[in-house]
Structures are given as structure tokens and as C-alpha cells.
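This report covers selected helices, a sheet and the salt bridges of one protein structure. The sequence and model are shown first.

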Amino acid sequence: MPLPASFPTGPQPPSAFPLALEALGPRPLVVCHNDADGLSAGAILLHALRRTGREPGVRIVGKAENAYSDAFRREMADSAATGLVITDLGVAPHVPRPDLPTVLIDHHVPSGLPEGVAIITGVHDTPIPTSSLLAYRCADALGAADGLLWLAAIGLIGDMADGDGFPEMEAARALGITALRKAVSLVNAPRRTASGDASAALALLLKSDGPKAVLSGEHAETEALLEAKAEVKRELDAARKIGPKVAGEVALVLFSSPTQIHPLVAQAWRGRIKDRIVIAANRGYREGYVHFAARTAENRDLLAFLAEHRPPGADEQYGNGHRAASGGALRFADWNLFTRSLGFGPETEIHQEQAA
């Protein structure tokens, strides 16, 4: 279906969202990441779209999935959605359904700019707004943001942007900063579990009217999130006992867990090893792959660093994110090439028989 001439394409401010929305049809699909920022952005957009009379669907992109992969494009080919709103999943040169009107709402560094797509990005702003804050500003432009400010704060805290001076965050503090922080910890837990299923977290955000309702236990999902948090804590306590190996400018922490704790391990060591790039690598997260998170306390562009060391088999899951927080997933053979290029020896190589 051809886009109307009024559809805004290319990088746009949140104020362009109402114009883009006109082309999305009655049943747009919201596609969101499974962390606190992505889920809260998704919840804001679902509320806002419903308030405009639409009937949006939702698809959470979860464990080891990528919204720009061939597998996701094949899935979307069968979708009956009348438009796509993709949030907190990056900006790539292509979208899953080029034939559908699409809006990207995101704060990561783009790997390319797709044609014919509205791209609401704050990546060139200072400070850079989170996806949830961009979604809130889109909802506000629609006049459909009443009662949704706390969801924007969930994403800001989840992405550690709550101290960046955003006026929306300062206003949200009146809702209870302690409750907001506890709610973020809870909402972030399911996506890190072995299953990676964050549907209970999104359901809880959608049915709650604030952070205290998330924590209250009045909804069954709260108990499920507490169990998820306990699972992640057990795995993280074990991984924290493993020390790093150092080669050149990299400190590498290598372990095995079915849970997505590698970003937490990298973040913890980043605070202790300030003169190295910290890479936390998890060989047990997905069969046949090493998933890793990279962090640095230095003024170092991790996206450029990873691009310099990109192995030949790396796909769209490698080297995305932010300049100070990136990572990826590599098959074992490519992981071994990657660590060799960093200066490590055979002790960091992974082979199928030792993956578990």
C-alpha cells in the first residue's frame, strides 16, 4: 500500500508521531524490546494507541531474537497488522515489512536508515532520551499521555538515565523514587531468566496505575516477577565469583549460565576495572553461541572497537547499542577468532564439547 504524501519519513521529532499515526491503520502492531525501557515504551504506546480508538497488537522481542533478522521478517510476513511501531530495538537499514507503514521509536545508534520509514530517534540529542521517554513524548503529542509519566520514568531508571536532567524524570520523582526503582528491578527480571519470557512484566505494567501497584502484589504477575528475580540472583551470585582474564586493553570474564546475566556482570566489573574494556561472555545462554556484553568506564567508543574486531561470521546481533555499552552474539568459531584478535590465547576459546 503506498504511503500518503503526508507520512513523515527519515529522522523526526516526537511531534511528528500524530501525522505518522494516520497511516498506521486500525490494527497496528507494537514491537518492543523485553527490558524495562522497551516494555515501558511498549506499554505507553499501547495505551496511547487504544486511546485513539485503535486496536493494537503487541510482540515482545525476547531471548536471542532480533527484530531485523530473517527469522523475524518471515514471522512478520504472516502478520495481519495494518502498520508497525517498533521501539527500543535499534534502527537498521531495513524493516521487517517494507510494505507496511512503519514508525521506529528508538535511542540506539542506527546501523543504517531505512527508506520510507518515520524514525523518531533521540540519538543526536544531549542528553539522549530513552525509548520510553520518546514514546511518552509521542503520546503527549497525541494528547494521550495522561497517567503515563511513571512508565517513562521506569525506562529512564532502567537505562540509568534518571540522573541526566530530563524534566519528565524530575516530575516523576513525586510518584516515589524508591517505589520506581524497586518496580524497575522487578520488571527487568523476567527477560534475564532462562526462558526470557517478559510477557508477565508487560501485563503488569499495562494493568498498573503506578509503581506502587506494580509492587503491591494485588496482581498475580508480581509473584511471577519475584520468582524470576530470585532465579537471576542465584545465577549472578555464582558468576560474580569468577575473575577476569586480561589481555591488552580488555578484561574478559568468561562463564556459563542459561540466564542473561552477562550485562550485569560486565557492569559490575566496569566499576572495578576502570582502565580496561570489560567483556562479560556467557557460553551457556544459547546453544552454539557465546553472548557477551561490553562496558567501559573510559571515554572509548565500543561500537568502533567492536567494528575493528568484527569476525567474518558476525551477524546483525553483533556490535549494536551504545558507544559505552554494547555487546553481541557469536558462534563458537567466530568467538575464537574474536578473542584471538583481542590478544587472548587458547584458554578463552570455546568448543562445542565444553559449552555446557
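The expected span of a helix is taken as 1.5 Å times one less than its number of residues. The model discussed here is predicted.

## Helix α4

Helix α4 runs over residues 131-142 and has 12 residues. From its first C-alpha to its last, α4 reaches 17 Å, close to the 16 Å expected at 1.5 Å a residue.

Buried positions in α4 are Ser-131, Ser-132, Leu-133, Leu-134, Ala-135, Tyr-136, Cys-138 and Ala-139. After α4 comes Gly-143, with a positive phi near 75°.

## The six-stranded sheet

Six strands form an open sheet in the order β7-β8-β9-β10-β12-β11, and the pairing is mixed. The edges are taken by β7 (245-247) and β11 (320-322); each has a single partner strand, so one side of each is left without a neighbour in the sheet. On average, neighbouring strands of this sheet are turned by 20° against each other, direction ignored.

Strands of a sheet pair through backbone hydrogen bonds, either parallel or antiparallel. For β9 (residues 277-282) and β10 (residues 289-296) the sense is antiparallel, and the pairing extends over six bridges. Within this part of the sheet, Ala-281 has Phe-292 of β10 as its bridge partner.

## Helix α11 on the sheet

Helix α11 (residues 262-270) packs on the sheet, where it touches β8 (250-255), β9 and β10. The direction of α11 makes about 30° with that of β10.

Which residues of α11 are buried? They are His-262, Pro-263, Val-265, Ala-266 and Trp-269. These residues cover an arc of only 160° around the axis, which puts them on the same side of α11. The elements covering them include α10 (221-239) as well as β8, β9 and β10.

## Salt bridges

The whole structure contains 13 salt bridges. Side chains of opposite charge can pair when their charged atoms come close. One of the salt bridges joins Arg-97 and Asp-99, at 2.7 Å from N to O. Arg-97 has a relative accessible area of 13% and is therefore buried, the cut-off being under 20%. Asp-99 is partly exposed, at 38% relative accessibility.

Glu-170 and Arg-173 also meet through their side chains in a salt bridge, with an N to O distance of 3.1 Å. Glu-170 has a relative accessible area of 41% and counts as partly exposed. Arg-173 is partly exposed too, at 30% relative accessibility.

A further salt bridge links Lys-233 with Asp-237, whose closest N and O atoms are 2.8 Å apart. Both residues lie in helix α10, four residues apart, or about one turn of the helix. An α-helix has 3.6 residues a turn, so residues three or four places apart point the same way. How exposed is Lys-233 in terms of relative accessible area? With a value of 53%, Lys-233 is exposed, because the class begins over 50%. Asp-237, at 32%, is partly exposed.

Salt bridges also link Arg-59, Glu-65 and Glu-75 in a network.

Terms used: Residues are numbered from 1 along each chain as its sequence is written. This is a predicted model: local features need pLDDT of at least 70, side-chain atom pairs count only at pLDDT 80 or more; totals for chains, interfaces and linings use all residues. Side-chain values use heavy atoms; hydrogens and water are left out. Two strands pair if DSSP finds at least two bridges between them. Helices (H or I, at least four residues) and strands (E, at least two) are DSSP runs, numbered from the N terminus. Axes are lines fitted to C-alpha atoms, for helices over the stretch in contact, and angles run from 0 to 180 degrees between N-to-C directions. Contact means heavy atoms within 4.5 Å. Buried means under 20% relative accessible area, exposed over 50%, partly exposed in between (1.4 Å probe, protein chains only). The arc is that of the directions from the helix axis to the C-beta atoms. A salt bridge is a side-chain nitrogen of Lys or Arg within 4 Å of a carboxyl oxygen of Asp or Glu.
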